[in-house]
Amino acid sequence: MENDIKIKTIDEYIEICLEGIQPKLRELRQIILEASLELTEKISWGMPTFYFKGNVIHFASHKKHIGLYCGAEAVQNFGDKLQGYKTSNGTIQIPNGRELDVDLIQNIVRFNIEGNRNK
């Protein structure tokens, strides 16, 4: 993905990613949106971002993985379910060849929504 292109929508973001990963990014977007009707979409920090009273979760496509940026508290809270993933400081790496765990992703989204609701 080229960094000098100004992305305005998640559709635009996905379109400039490698063609082979685009279906997985669309699936991830749908999984996140289906977690809550309260979410809105935007681009923040150059990444697809899902928002409810604050940022809930972001994702970004990388060469070998999708970065899921959900915050340190979510990574800590779901640590037992993230044993097979590389994680660091609020980030989960999903290898491009790995299936998306719908329940895990949606539970992380709902956890962050509740955190934002209670701020």
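Are Phe 50 and Phe 59 buried or exposed? Both of them are buried, and they come back in several of the points below. Keep in mind throughout that this is a predicted model.

1. **The overall layout.** Start with the parts list: the protein has four helices and six strands. If you walk along the sequence, they come in the order α-α-β-β-β-β-α-β-β-α.

2. **Size and packing.** The C-alpha trace spans about 35 × 30 × 25 Å along its principal axes. A compact globule with 119 residues would have a radius of gyration near 14 Å, and the protein has 13 Å, so the two agree. Of the 119 residues, 44% count as buried. The protein exposes about 7,000 Å², with carbon and sulfur atoms supplying 48% of that. Take the contacts with a separation of 6 or more: 49% of them join residues 24 or more positions apart.

3. In soluble globular proteins, nonpolar side chains tend to be buried together. Here the largest nonpolar core has 35 residues, and Ile 32, Ile 57, Phe 59, Ile 92 and Val 109 have the most contacts inside it.

4. **Ile 32 up close.** Which residues does Ile 32 contact, leaving aside its neighbours within four places in sequence? They are Leu 39, Phe 50, Ile 57, Phe 59, Ile 105 and Val 109. Three of these partners, Ile 57, Phe 59 and Val 109, are also on the list of residues with the most contacts inside the core.

5. **Aromatic pairs.** A pair of aromatic rings is described by the distance of the centres and the angle of the planes. Searching the whole structure turns up three aromatic pairs. In one of them, Tyr 13 and Phe 59 have ring centres 6.3 Å apart and planes at 80°, so that pair is edge-to-face. This pair links distant parts of the chain, since Tyr 13 is in helix α1 and Phe 59 is in strand β3, 46 residues apart. Both Tyr 13 and Phe 59 are buried. Phe 50 and Phe 59 have centres 6.1 Å apart and planes at 25°, so they count as stacked. Put together, Tyr 13, Phe 50 and Phe 59 form one aromatic cluster.

6. **A histidine inside.** Now look at His 65, which lies in strand β4. Why does His 65 count as buried? Its relative accessible area is 16%, and the cut-off for buried is under 20%. Not counting residues up to four places away in sequence, His 65 touches Ala 60, Gln 93, Ile 94, Pro 95 and Asn 96.

7. **An arginine over a ring.** Last stop: Arg 98, in the loop between β6 and α4. Arg 98 is partly exposed, with a relative accessible area of 30%. It lies over the face of Tyr 85, at 3.7 Å from the ring centre. Beyond its neighbours within four places in sequence, Arg 98 is in contact with Lys 24, Gly 84 and Tyr 85. For a sense of distance, the C-alpha atoms of Arg 98 and Asn 118 are separated by 33 Å, and these residues are 20 apart along the chain.

Conventions:
Residues are numbered from 1 along each chain as its sequence is written. This is a predicted model: local features need pLDDT of at least 70, side-chain atom pairs count only at pLDDT 80 or more; totals for chains, interfaces and linings use all residues. Side-chain values use heavy atoms; hydrogens and water are left out. A nonpolar core is a set of buried Ala, Val, Leu, Ile, Met, Phe, Trp, Tyr and Cys residues joined through side-chain atoms within 4.5 Å. Buried means under 20% relative accessible area, exposed over 50%, partly exposed in between (1.4 Å probe, protein chains only). Contact means heavy atoms within 4.5 Å. Helices (H or I, at least four residues) and strands (E, at least two) are DSSP runs, numbered from the N terminus. Rings of Phe, Tyr and Trp (its six-membered ring) pair if their centres lie within 6.5 Å; planes under 30 degrees apart count as stacked, over 60 as edge-to-face and the rest as tilted. A charge sits over a ring if NZ of Lys or CZ of Arg is within 6 Å of the ring centre and within 35 degrees of the ring normal. The radius of gyration is taken over C-alpha atoms; the globule rule is 2.2 Å times the number of residues to the power 0.38. Accessible areas come from the Shrake-Rupley method with a 1.4 Å probe; for residues, only the protein chains shown count as cover.
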